[in-house]
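Dear colleague,

I am passing on to you the structure that we spoke about, with the sequence alongside. Please look it over before reading on; my notes on what was found follow below.

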Amino acid sequence: MSITFIRHAQSEANVGGVSKPNSTIELSPVGQQQALELATQFSQKPTQVYVSEFIRTHQTAAPILDKFSLQSVILPCLNEFNVFGFDIVEGMTGAQRLPLAKRYWKACDPDANFGQGGQSFNEFCSQVRDFISLFTQGEIVDHSLVFGHGMWFSVFSWLQETNFTTSVTSAEMKEFVSYLTEHHPDNCSQHILR
């Protein structure tokens, strides 16, 4: 079995835009161009295209869907990590959000979350494991494209390598932070999952 994971193209948040609810963050103008260029790299029709509930994955997949006259399948387990609810970051720019993120990753509390709709690291790991279950049980169709998110893919790779199947401890979360510096995909990068 072989599927291709693709991180979404450059988003408004990636360039430090003012906070929006995570699901409504759109592609930047550069990201829109990246999505068009990405579609030119595929000459063979994928079996299926999976996206998260977040609009930036839909926008990245759209040129490929149009090219091959396909409809995407939405998988909530592909949604990006959402530590801070929108009520915490509303009105903030990327520069203003950065200290919050640094404090969060420094504390390494796998059960902490902040604000309405915020997730803990353990809740997010459980969500990624839901996809791993689908993948290992063969419910993700062979030769498909999976459009997702950077932190999601880093956690997916880490969980696959470490084989953690239970709640993550603070010490294990620290290990992930070290892993993250070497294993975070660029926008539109492609990774073959087998």
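**Overall fold**

The chain contains 7 helices and 5 strands, and, when read along the sequence, these elements follow the pattern β-α-β-α-β-α-α-α-β-α-α-β. Please keep in mind throughout that this is a predicted model. The chain has a radius of gyration of 16 Å, which agrees with the value near 16 Å that a compact globule of 194 residues would have. Taken along the principal axes, the box filled by the C-alpha atoms is roughly 45 × 35 × 30 Å.

Of the 194 residues, 49% count as buried, and the chain exposes about 9500 Å², of which carbon and sulfur atoms supply 51%. Among contacts between residues at least 6 apart in sequence, 76% join residues that are at least 24 apart. As for charge, there are 12 positive and 19 negative side chains, and the centres of these two sets lie 5 Å apart.

**The nonpolar cores**

The largest nonpolar core has 36 residues, and the members that touch the most other members are F121, F131, W152 and F176. At least two residues of this core come from each of β1 (3–7), α4 (94–107), α5 (121–136), α6 (150–162) and α7 (170–182). Apart from it lies another core, of 17 residues, which includes I6, L27, I64 and L145.

Which residues does W152 touch, once those up to four places away in sequence are not counted? The list consists of F5, C77, L78, N79, E80, F124, Q127, V128 and F131, and F131 is itself among the core members with the most contacts to other members.

**H149 and T57**

H149 is found in the loop between β4 and α6, and, because its relative accessibility is 0%, under the 20% limit, this residue counts as buried. Not counting residues up to four places away in sequence, H149 touches F5, R7, H8, S52, F54, R56, T57, L78, N79 and E80. For a sense of distance, the C-alpha atoms of H149 and L193 are separated by 15 Å, these two residues being 44 residues apart along the chain.

T57, one of the residues that H149 touches, has its place in helix α2 (residues 55–68), and T57 is likewise buried, with a relative accessible area of 0%. With residues up to four places away in sequence again left out, T57 touches H8, V51, S52, F147, G148 and H149.

T4 lies in strand β1 and counts as buried at 11% relative accessibility. Leaving aside its neighbours within four places in sequence, T4 is in contact with S144, L145 and V146, and also with Q190, H191 and I192.

Y179 lies in helix α7 and is buried, with a relative accessible area of 10%. Its contacts, leaving aside neighbours within four places in sequence, are with S154, S157, W158 and E161. Between Y179 and I25, which are 154 residues apart in sequence, the C-alpha to C-alpha distance is 26 Å.

**Two positive phi values**

C108 has a positive phi of about 50° although it is not a glycine; C108 is found in the loop between α4 and α5. Is C108 buried or exposed? At 3% relative accessibility, C108 counts as buried.

H143, too, is a residue other than glycine with a positive phi, here near 60°, and its place is in the loop between α5 and β4 (145–148). H143 is exposed, because its relative accessible area of 53% is over the 50% limit.

With best regards

Key:
Residues are numbered from 1 along each chain as its sequence is written. This is a predicted model: local features need pLDDT of at least 70, side-chain atom pairs count only at pLDDT 80 or more; totals for chains, interfaces and linings use all residues. Side-chain values use heavy atoms; hydrogens and water are left out. Helices (H or I, at least four residues) and strands (E, at least two) are DSSP runs, numbered from the N terminus. The radius of gyration is taken over C-alpha atoms; the globule rule is 2.2 Å times the number of residues to the power 0.38. Buried means under 20% relative accessible area, exposed over 50%, partly exposed in between (1.4 Å probe, protein chains only). Contact means heavy atoms within 4.5 Å. Accessible areas come from the Shrake-Rupley method with a 1.4 Å probe; for residues, only the protein chains shown count as cover. Lys and Arg count as positive and Asp and Glu as negative; His and the chain ends are not counted. The place of a charge is taken as NZ of Lys, CZ of Arg, CG of Asp or CD of Glu. A nonpolar core is a set of buried Ala, Val, Leu, Ile, Met, Phe, Trp, Tyr and Cys residues joined through side-chain atoms within 4.5 Å.
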